[in-house]
Amino acid sequence: MTELIAFAGLAGGYGDSQVVFNLGASVQAGQALGVFGRNGVGKSTLARLLQGSLQASKGTITLKGQNIASTPPFQRHLLGLGYMPQTAMVFDELTVGENLSIGSKSGLAEAYFEIFPTLAERLKQKAGTMSGGERKILSFVRLMAEDTNIIVLDEPSEGVQPENISRMEQCLLARKKQGSSIILIEQNLTLLRAVADQLLGMDAGKPVLQSTLAQTSRAKMLEVLSI
Amino acid sequence: MTPVFLLNLMWQLSLLAVVTLGLAIIFGQLRIMNMAHGEFVMIGAYAPIITSTLGLPNWMQLPVCIASVALVALILERAIIRHLYGRLFDSLLATWGISILLREMVELAFGRGFQSVPLPISGTVSWIGIDYPAYRSVIIGVIILLFIGLTIWYKRSLVATRIKAMVNNPELAQAVGINTVSLSRRCFVFGCISAGLAGLIIAPTAQISPLMGLDYLIRSFFVVVVGGLGSLEGLAIGVGLIAGSQTLLGALFNQTYGYIFVLVLSILFLWLRPNGIYRNS
Amino acid sequence: MASIVIPSGLLLGTLLLIPSLFGDFTAYQIGLFLIYGIVAQGIGFLWGKTGILPLGQTIFFGSTAYASAHILINIETLGWQLVLMLLSVLIAGAIAYVLATMVFRGKTDSGPYFSLITLALVLIAEQLASTSPNITGGFNGLSGYEPIAQLDPFGNLYYLIVGVTVVSTMLLLALNRLPAGLIARAVSDNEPRLQLLGFATHKIKGLVFAMSAMLAATAGVLFASHQGIVTPTSAGFALSAQFIIWTAVGGRFHVLGPLLGSVVLAWLTAELRDDFIYWEISIAAIFILVVLKSPGGLAEIISIYFKKLVKAQVSEEPSYCAAPNVKSQQPAATLQFDQCHLQVGVVQILKGVTFTTPAQGVVCIIGPNGAGKTSLLNVITGNLLASKGTILLAEKHIHCRPPYAALSSGIGRKLQVPSVFFSMTVGENLTVATLAQRAKWYHYFSAKPLLWRSAYISSLLAHEALPLTHNLAKQVSELPQGHRQFLEFAMTAAAQPRLLLLDEPCAGLSTAETHLMTDLIRQYQTQTKGLVLLIEHDMSIVEALSDKVLVLHQGQVLAFASYVEVKANKDVAAVYAGGTK
């Protein structure tokens with residue numbers, strides 16, 4: 001199995017304040033890494049370091065064997081990295097249709113209209129006028145329709161209705177079968193445990209739990225969340 | 001409202017629209033407060049002079065204009081501008097210095113005195129029952145077509161969508177694979193080129209000197225401020241208000257009062273509606 | 001005092017020597033450059049402290065020059081001449097004040113637009129000056145008058161100019177060390193924070209702009225006498241541009257910088273302009289370099305070398321004195337939201353928020369990301385305007401008041417990302433916060449209020465565990481995130497507002513620091529018997545502190561009850577983390 005994305009000794013932050021320290025993991029094709037922790041521990045910072053909008057102060061990131069420490073974000077995308085941010089996850093001023101067409105080649109998004117029918121109804125609607133949950137779904141489908149095989153998702157289920165969360169779960173499992181690597185940041189432990197093969201629990205920017213799904217009970221995860 | 005007055009108004013509206021277009025892109029979209037905008041108009045206006053100095057035939061004026069403006073814009077973008085996107089105040093200062101530099105360089109090359117170039121199309125044409133200068137008539141037509149084409153392009157093309165995306169959410173734009181650095185550069189150069197083309201159009205009707213750009217700078221900025229940043233409709237409204245009031249008052253009183261009215265109008269807009277008439281953010 | 005007297009004395013001494021060392025003609029030239037320097041000093045103070053860039057100071061310079069020419073032509077007695085000239089300077093200041101306050105009211109980022117307006121004004125002024133021969137003598141200008149008090153420009157007028165220069169220098173040096181200078185710096189450092197401390201920043205900008213206008217106007221008065229002729233170039237764009245360049249290259253962060261820039265560059269321009277054809281281009285290039293790479297200009301470079309030579313004196317511990325009471329302390333009151341809507345662009349953020357808080361206690365606001373929690377605080381302080389509905393504090397409408405009026409209504413706010421004055425020290429930050437709501441206008445021109453300490457801040461600093469006590473002289477930009485949280489909390493609470501809005505005060509704090517912060521919050525509420533609205537993610541903090549919990553979801557109130565009731569609420573559990581905790 002090929003390793004698609006890996007990072008080691010990763011540290012970074014915003015200006016003077018460093019937020020994450022010494023994070024490392026490796027994700028093979030068709031595997032998923034689940035990242036969890038309370039609010040403010042640095043999960044989103046990790047996502048942005050991997051995606052490239054934040055420059056790491058220490059450590060390495062390799063994408064398909066290539067060191068991408070100094071690669072700009074758009075180029076990481078062209079190398080196959082897709083990203084769904086936690087906030088500002090759609091282009092508010094563009095329509096749903098434009099949001100979908102901007103990342104993907106035409107036609108790929110339509111495959112998802114059966115699963116998420118509300119999107120098909122709102123193609124001409126400006127993305128910013130939709131509710132938070134609907135915007136999350138739009139961003140999720142946009143990500144799924146892209147031609148990328150390493151996808152990083154930052155709390156995709158937040159504010160989304162339970163039926164749609166299980167649909168997201170199905171899409172992610174299907175992606176794994178196709179050979180994509182997934183890094184899933186979530187507070188929703190049920191979704192996390194359904195998708196992830198490995199788990200990384202964080203607190204105050206540091207890794208406090210790192211092992212496989214099988215070796216980590218739900219109770220252990222709850223402990224990390226309420227330290 | 002005599003037909004001549006209406007046609008003069010159309011002329012002023014068209015001119016102001018094409019002069020402001022470049023700034024609407026650079027200031028409205030890229031958030032660069034380009035104080036050298038007038039100088040790009042000025043360089044474009046010097047294109048006929050450059051062309052004849054180089055001994056080139058008259059039809060080369062258009063390529064010379066585009067080439068000279070694009071060259072200057074590209075050098076400035078790579079050296080200075082690309083660090084300043086989104087930083088309004090720093091870009092104001094840096095481009096203000098650039099404007100002085102450009103003015104001085106042109107003065108060094110061509111002198112400070114006024115120059116003029118002949119109309120490429122002379123004579124008058126007869127329409128709406130009166131005789132109106134041919135050059136102006138042709139240009140009004142060309143500009144109207146240009147803006148119709150631009151509006152269609154803006155609503156349909158993928159590049160336009162990408163620009164809107166980049167302006168709306170730069171981080172997400174990069175995340176979906178848009179090369180924002182290169183796109184910003186191309187937008188900046190395009191904005192400067194359109195300013196230069198405006199200068200080329202104006203050249204036969206104006207007194208060309210290194211200092212001519214300041215007037216266009218001020219009026220363009222006020223159009224963008226009044227019309228609101230970031231939309232073609234806002235641009236249209238801004239052009240309409242500014243050129244309209246200046247022409248009207250200029251005809252009724254004198255030019256200076258027209259100018260003063262535009263200034264007072266813009267101050268009022270900044271005071272009461274800092275986001276312009278057309279709310280877009 | 002020494003820091004004012006020594007540089008001024010040196011300046012005075014140097015300038016007085018010039019006629020004897022270099023002759024009367026050089027003194028005449030230097031006199032003109034000093035006149036320019038006074039204008040530049042005004043620009044430097046305005047730009048360096050508040051960040052406003054005036055591109056058309058010759059509006060003031062030129063108009064008082066023209067006015068002085070008229071006065072010298074038409075008025076006989078010296079006394080009346082002086083009175084009218086003073087009046088022209090004051091009028092310039094008044095016009096500047098009105099213009100600036102009009103433009104800066106409302107938005108905090110109008111700086112670039114203001115520069116544009118000054119540019120347009122100077123272009124108009126130049127046009128008017130050339131085309132109104134009746135008032136300005138048109139293209140040829142006004143001339144044929146005697147200088148003021150018949151002082152010879154090649155003789156004693158020089159000493160008058162030197163006197164005005166030294167006075168202006170001393171004035172600016174003094175302002176730097178007074179609370180007024182501190183507040184002016186705060187404007188460019190962090191205007192939103194200054195507004196939330198109750199300062200009407202548009203008025204401050206207006207005052208500083210008026211001062212720079214009056215300096216330019218005074219220089220204009222001297223100019224008319226010095227040159228003997230006033231032409232449209234003195235009200236023109238080219239001279240305004242030169243002022244900016246001289247100020248920038250000389251150095252806008254030091255009082256003597258613009259003087260240096262004006263004298264050196266204007267002299268070089270006069271000498272080199274005809275011989276060295278690339279001079280103008282070189283100056284433009286130097287300006288761009290300075291702006292991009294070395295914003296402090298020559299003065300900054302010189303002062304760095306100076307500091308290496310002269311070791312910094314160890315400053316003694318200042319002795320603080322008690323601060324006066326807060327003006328208009330108000331009693332605690334309920335906060336009432338009634339069908340409040342907020343729309344930003346195309347996005348509906350708050351959709352009919354309705355609730356009424358108790359008059360006292362701690363209310364924690366919780367909810368998923370994007371629920372509208374920070375926006376809720378924004379509409380309370382007026383940072384965002386509610387599109388519909390009302391917000392009442394003590395039965396009074398507060399939803400349409402601007403942010404700088406919040407503190408006087410008794411509302412203090414700590415922002416989500418710690419917002420303090422980054423270029424100042426911890427001590428200076430606390431001073432600004434102490435001045436808020438306590439200082440009267442005259443206090444800003446006296447050095448004493450810099451040593452004010454309120455009882456509350458003293459008690460805060462007395463906390464052993466508080467990291468601020470030992471870092472008073474440290475610049476905030478060097479403080480870690482957690483310490484900035486405590487600093488901002490202290491500054492927000494300094495005026496003892498009856499409604500304290502805290503946005504994630506424990507973000508980035510260690511466990512021990514979190515305990516301290518929660519203790520401080522509880523103590524604050526108990527002492528002031530006021531209301532604290534607190535946005536938090538950490539449920540243990542919510543459980544420990546809250547008297548009531550407000551749950552927001554997608555811009556609406558989902559629940560408003562005690563912690564126990566909210567925890568048991570099924571709707572809340574469903575929305576929060578999809579039922580995981």
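In the predicted model, Val426(C), Asn429(C), Leu430(C) and Ala433(C) of helix α16(C) meet Leu487(C), Ala490(C) and Met491(C) of helix α18(C). The two helices span residues 426-435 and residues 481-493 of chain C, respectively, and their axes come within 8 Å, crossing at roughly 20 degrees. Because angles under 35 degrees count as roughly parallel, α16(C) and α18(C) are described as roughly parallel to each other. The crossing in which α16(C) passes α18(C) is right-handed.

Ala490(C), one of the α18(C) residues that meet α16(C), also figures in the largest nonpolar core, which holds 332 residues. Together with Val141(A), Leu184(A), Ala45(B), Val39(C) and Leu534(C), Ala490(C) is among the residues that touch the most other members of this core. Helix α10 of chain C (residues 201-227) contributes the largest share of the core, 16 residues. Both domain 1 (24-309) and domain 2 (335-575) of chain C give residues to this core, which therefore lies between them. Apart from its neighbours within four places in sequence, Leu534(C) is in contact with Val362(C), Val363(C), Cys364(C), Ile365(C), Leu502(C), Ile521(C) and Leu545(C).

Chain C also touches chain B, in a contact that takes 33 residues from chain C and 27 residues from chain B. On the chain C side, at least two residues each are supplied by α4 (78-104), α5 (111-131), α11 (237-250) and α13 (279-293). Of these helices, α5(C) provides 14 residues, the largest share of the side of chain C that touches chain B.

Notes: Residues numbered from 1 in each chain as written. Chains lettered and ligands numbered in written order. Predicted model: local features only at pLDDT ≥ 70, side-chain atom pairs only at ≥ 80, totals over all residues. Core = buried A, V, L, I, M, F, W, Y, C linked by C-beta atoms within 7 Å. Buried ≥ 20, exposed ≤ 12 C-beta atoms within 10 Å, placed from the backbone. Helix = DSSP H or I, 4+ residues; strand = E, 2+ residues; numbered from the N terminus. Domains from an automatic or database assignment. Contact = placed C-beta atoms within 7 Å. Axes fitted to C-alpha atoms, helices over the stretch in contact; angles between N-to-C directions. Parallel < 35°, antiparallel > 145°, perpendicular 65-115°, else oblique. Left-handed = near helix turned anticlockwise from the far one by under 90°.
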